[in-house]
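Opening the notebook on this one. I want to look up a few spots and jot down what turns up.

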Protein chains: 4
Amino acid sequence: MSPSPPPTAAESSAAASGNAAANSLAAPAWPLNPSQPHGLGLPFPGLPFPDGHRLRGCEVAVADLVQTGQLFYQRGWSVGTSSNYSVIIDRQPLELLVTASGMHKGRLRADDFVRINDQGRPVLPDQPKSSAETMLHVVAAQKLPNIGCVLHTHSVWATILGDKFFHRGHVPIHGFEMLKGLDGITTHETNYELRIFENTQDIPVLADEVGRWLDECLAAGGPGPHGYLIRKHGLYTWGKDVAEAQRHIEIYEFLLECVGRQLLMT
Amino acid sequence: MSPSPPPTAAESSAAASGNAAANSLAAPAWPLNPSQPHGLGLPFPGLPFPDGHRLRGCEVAVADLVQTGQLFYQRGWSVGTSSNYSVIIDRQPLELLVTASGMHKGRLRADDFVRINDQGRPVLPDQPKSSAETMLHVVAAQKLPNIGCVLHTHSVWATILGDKFFHRGHVPIHGFEMLKGLDGITTHETNYELRIFENTQDIPVLADEVGRWLDECLAAGGPGPHGYLIRKHGLYTWGKDVAEAQRHIEIYEFLLECVGRQLLMT
Amino acid sequence: MSPSPPPTAAESSAAASGNAAANSLAAPAWPLNPSQPHGLGLPFPGLPFPDGHRLRGCEVAVADLVQTGQLFYQRGWSVGTSSNYSVIIDRQPLELLVTASGMHKGRLRADDFVRINDQGRPVLPDQPKSSAETMLHVVAAQKLPNIGCVLHTHSVWATILGDKFFHRGHVPIHGFEMLKGLDGITTHETNYELRIFENTQDIPVLADEVGRWLDECLAAGGPGPHGYLIRKHGLYTWGKDVAEAQRHIEIYEFLLECVGRQLLMT
Amino acid sequence: MSPSPPPTAAESSAAASGNAAANSLAAPAWPLNPSQPHGLGLPFPGLPFPDGHRLRGCEVAVADLVQTGQLFYQRGWSVGTSSNYSVIIDRQPLELLVTASGMHKGRLRADDFVRINDQGRPVLPDQPKSSAETMLHVVAAQKLPNIGCVLHTHSVWATILGDKFFHRGHVPIHGFEMLKGLDGITTHETNYELRIFENTQDIPVLADEVGRWLDECLAAGGPGPHGYLIRKHGLYTWGKDVAEAQRHIEIYEFLLECVGRQLLMT
């Protein structure tokens with residue numbers, strides 16, 4: 001496991017002070033380490049972690065996911081302790097940073113994360129328990145070699161449309177310009193189908209089912225897959241980094257609201 | 001009555017300055033007193049209260065409920081002077097800190113709270129008048145020995161669904177993953193019924209009715225009860241601390257919106 | 001005309017620094033002048049006005065209405081340059097501080113206000129033009145001797161329910177606990193009727209019509225009147241001070257959303 | 001090309017410090033250069049650009065559009081990388097500052113803008129790629145000599161009402177007071193028709209079609225045109241400066257929500 005080196009104290013201090021380069025408005029004050037694949041660049045006080053901390057080296061992923069939680073909580077997509085988020089911090093062997101179980105997503109702290117392996121088990125001792133749905137993050141990371149982040153949210157529209165369209169197996173999302181916000185889609189003339197899985201408390205079984213579906217999607221070619229719904233539960237999506245996964249959530253939420261409100265008008 | 005000792009001035013000062021430990025993002029800068037059963041940990045300037053102040057020792061409860069009001073006002077669940085909140089600050093004998101009557105919940109001040117006993121009467125002289133619904137807080141505290149906080153809100157969905165389903169006696173909330181956000185519920189395969197009481201201005205009568213229902217729930221066993229609706233009025237819920245009671249409000253509001261929007265689509 | 005004396009520079013400075021008394025959370029740092037009938041108490045930098053300024057002495061009213069605009073803009077009740085607000089700054093003779101015409105309510109500046117008399121005319125030279133609907137503020141101030149503030153907003157629900165129920169002459173709002181947020185209403189068992197007037201660009205004619213209706217209401221006795229709708233236009237309400245008028249807006253908006261959503265469910 | 005001179009370092013510094021003149025609440029601390037045709041006046045750290053920067057002289061336009069993105073993202077009208085904004089920075093020859101392609105509108109940086117000419121091509125080397133819809137900005141600027149800003153957003157209501165009313169060619173918006181927020185409209189007794197174009201990925205063809213429609217509107221006289229919809233895509237509008245274009249977006253969004261919710265109630 002070899003996450004990128006953490007920023008120096010000086011970099012962190014510059015970040016905390018809120019200064020920005022003359023050339024950048026609302027710019028990432030920290031971190032600007034080009035070796036980091038992720039990074040919304042929003043500054044947080046208190047980073048980097050001290051030497052020897054179990055999350056040392058994961059500062060960027062932690063900061064991005066804390067900010068994701070604050071944003072999605074404010075939007076109403078991650079209320080209470082619902083939702084869970086992960087960043088893939090290594091692939092040889094696979095290692096993910098995942099939100100710990102039962103944390104309020106609008107008030108995540110740096111310690112509310114767990115480093116887990118491809119079995120969903122902690123790679124270090126004395127970590128908090130990882131989310132019950134950890135294996136849904138792992139299976140996405142395993143099947144999709146180019147992604148760097150998996151986000152799972154619970155919105156009202158995702159919850160009820162996954163039920164409304166369950167008999168069809170997917171939510172049909174056709175002809176919207178906003179579909180172009182999903183990676184690889186280049187025209188609104190797309191007949192998009194957002195897959196729906198039945199909800200279950202048996203996560204390993206669901207993870208296997210999702211894994212087979214991902215295999216089928218990859219074999220079929222074309223853009224995506226970008227995500228899926230679980231009936232009366234919520235939305236899973238991913239992206240090459242936290243920013244793209246956040247964008248996919250925003251795009252899906254927008255499209256689901258469009259579909260839901262169109263249903264009411266007809 | 002013996003609330004925990006307040007933080008020292010130094011602790012309070014550190015809190016107000018916004019510093020956080022290296023290990024914590026968006027972390028509780030104040031208070032970290034482990035003897036405090038509550039505590040969202042959000043810092044507020046001006047605390048602790050000076051020696052001899054009638055709310056001396058209640059700093060954590062005050063700070064948590066002020067923050068609750070700001071949050072719920074922003075969500076639209078506690079607009080105007082609606083809603084009331086309490087924290088159980090002692091049980092031998094029972095004593096609650098309750099919001100004073102008629103205060104705007106988005107702009108609560110430290111003085112907008114009252115310390116009351118198991119009769120709903122002030123335990124100290126010269127306090128503002130407590131909320132008219134104080135006895136609904138007391139009865140929950142009396143019947144449920146493990147709770148530490150009672151929250152009452154007025155949302156649009158709670159108001160109109162309590163009317164829509166009044167003839168059934170409860171709002172049916174079936175099969176949602178988000179039900180697991182209510183303490184003790186471990187599967188979405190739950191047929192949950194959110195009890196509805198008729199509204200009245202005779203609070204002692206309603207408090208007796210709620211008390212008998214709480215007795216029945218406890219006798220029946222199982223998770224909960226977690227809360228109830230009052231017809232065309234609002235929602236009561238509780239939790240072991242302010243954080244859990246806040247979470248229950250968020251979960252109920254999410255579920256009520258799901259149920260309400262599903263009604264519109266069928 | 002004799003508005004209260006402005007705060008001293010020292011008071012203003014203390015306000016701007018954000019300090020609060022030890023006894024108060026989120027408390028009014030400025031102004032605390034007990035002779036001021038209004039005052040949400042939110043601090044603003046740059047006040048008081050310098051000697052000789054045309055708004056010297058109106059600092060509290062200006063600060064309260066600027067804050068009202070920011071709040072209502074954020075809620076979506078005063079978007080664009082819609083809405084107008086006033087504070088009654090004197091009654092012998094009548095003088096109002098009114099928002100200037102055409103200002104964005106989310107970004108009001110201190111100079112975006114006009115001092116006008118009982119004819120709706122400026123009492124000082126070189127003021128910006130007052131709102132086209134100034135006389136609707138004046139008539140409320142004239143007929144209702146105990147009010148201190150008039151607020152007019154444009155929400156979606158107020159706009160469309162004023163049209164939906166125009167044929168009945170009022171929006172029926174029956175049996176809601178939240179009605180108790182309107183001054184003088186003490187029970188949910190109230191059959192409340194929110195009057196609707198036809199829209200017009202002839203404000204003096206509408207002001208006369210509103211004046212006659214206010215006379216009728218006062219002659220009939222009982223709580224209120226608290227406000228009225230203009231068809232496909234918006235809501236007028238008032239209160240003894242800015243805080244109460246804000247509360248009436250919040251209560252009406254809540255109730256109108258309840259009525260509107262109930263219509264969709266039946 | 002000759003944009004206005006940038007503020008001096010002293011002006012910029014004053015802006016960043018957050019100080020405001022005694023006469024202004026929430027006032028523009030920067031820039032107050034009267035030669036600038038645009039300018040919401042909101043301060044940003046880090047400006048002005050250094051000498052020789054490719055956006056030197058465009059500070060006001062950059063700051064206004066960054067703020068527009070933050071505001072519209074918060075409203076849900078510019079989520080993900082959707083939307084694009086421009087300011088006309090010169091007319092002899094025509095030059096526009098346009099958002100770069102694929103940027104998140106809630107987190108725009110100063111470098112996320114491109115200076116382009118009347119062919120939609122960059123006027124300087126080494127700029128990021130401009131938005132794919134650049135020519136829709138250019139055609140508005142060419143046909144409408146008095147505008148200074150073009151804004152394009154993607155809201156849910158704009159997206160679905162553009163589809164619902166496509167067969168009529170426009171959304172009918174009749175009799176609303178809020179229509180007076182569109183430049184030149186002076187009465188609610190206006191039968192307003194918001195034009196809808198079919199969506200396409202062939203922007204030059206759409207730009208031609210829009211151009212012919214603008215010619216027709218101007219030939220017909222009367223207030224406007226103020227904007228148009230693209231089916232299942234979004235809204236284009238403009239104004240004499242960023243503030244007016246923002247207001248037009250707010251007014252249209254309000255009116256579309258009114259029309260959409262009225263449809264649900266009938």
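Started at A:Phe197, which I find buried, with a relative accessible area of 1%. Noting here that the model is predicted.

Next I looked up A:Trp213. This residue has a relative accessible area of 10%, under the 20% cut-off, so A:Trp213 goes down as buried too.

Then the ring pairs. I count 32 aromatic pairs over all chains. For A:Phe197 and A:Trp213 I get ring centres 5.6 Å apart and planes at 80 degrees, so I file the pair as edge-to-face. A:Phe197 sits in strand 6 of chain A and A:Trp213 in helix 5 (residues 203-220) of chain A, so this pair ties together parts 16 residues apart in sequence.

How are the rings of A:Trp213 and A:Tyr228 arranged? Their centres are 5.8 Å apart with the planes at 80 degrees, so that pair is edge-to-face as well. With A:Trp213 in helix 5 and A:Tyr228 in strand 7 of chain A, the pair ties together parts that are 15 residues apart in sequence. I checked burial here: A:Trp213 and A:Tyr228 are both buried. Wrote the group down as one aromatic cluster made of A:Phe197, A:Trp213, A:Tyr228, A:Tyr236 and A:Trp238.

On to helix 4 of chain A, residues 156-164. I have this helix as mostly covered, with 7 of its 9 residues buried. Which residues of helix 4 of chain A are the buried ones? My list reads A:Val156, A:Trp157, A:Ala158, A:Thr159, A:Ile160, A:Leu161 and A:Gly162.

I also wanted to know what covers them. From chain A, the cover includes strand 5 (170-174), strand 6 (191-197), strand 7 (227-230), strand 8 (234-239) and helix 6. Helix 6 of chain B is part of the cover too. At the N-terminal end of helix 4 of chain A I found a cap: a side-chain oxygen of A:Ser155 lies 3.0 Å from the backbone nitrogen of A:Ala158.

Picked one residue from helix 6 (residues 242-265) of chain A, namely A:Leu263. Its relative accessible area is 30%, and I log A:Leu263 as partly exposed. Setting aside neighbours within four places in sequence, I see A:Leu263 in contact with A:Leu161, A:Lys164, A:Phe165 and, across in chain B, B:Met265.

That contact took me to the chain A and chain B interface. I get 32 residues of chain B in contact with 44 residues of chain A. The buried area comes out at about 3100 Å², with 59% of that from carbon and sulfur atoms. How many salt bridges does the rule find across the interface of chain B and chain A? I get 0. Polar contacts do turn up, with 15 residue pairs between chain B and chain A, both residues at pLDDT 80 or more.

On the side of chain B that touches chain A, helix 2 (59-75) and helix 6 (242-265) of chain B each supply at least two residues. Helix 6 of chain B gives the most, with 10 residues.

How values were computed: Residues numbered from 1 in each chain as written. Chains lettered and ligands numbered in written order. Predicted model: local features only at pLDDT ≥ 70, side-chain atom pairs only at ≥ 80, totals over all residues. Heavy atoms only, no water. Contact = heavy atoms within 4.5 Å. Buried area = accessible area lost by both parts, 1.4 Å probe. Salt bridge = Lys/Arg side-chain N within 4 Å of Asp/Glu carboxyl O. Polar contact = N/O pair within 3.5 Å; in protein donor to acceptor, adjacent residues only side chain to side chain. Helix = DSSP H or I, 4+ residues; strand = E, 2+ residues; numbered from the N terminus. Buried < 20%, exposed > 50% of the residue type's maximum accessible area, 1.4 Å probe, protein only. Phe/Tyr/Trp six-rings, centres within 6.5 Å; stacked < 30°, edge-to-face > 60°.
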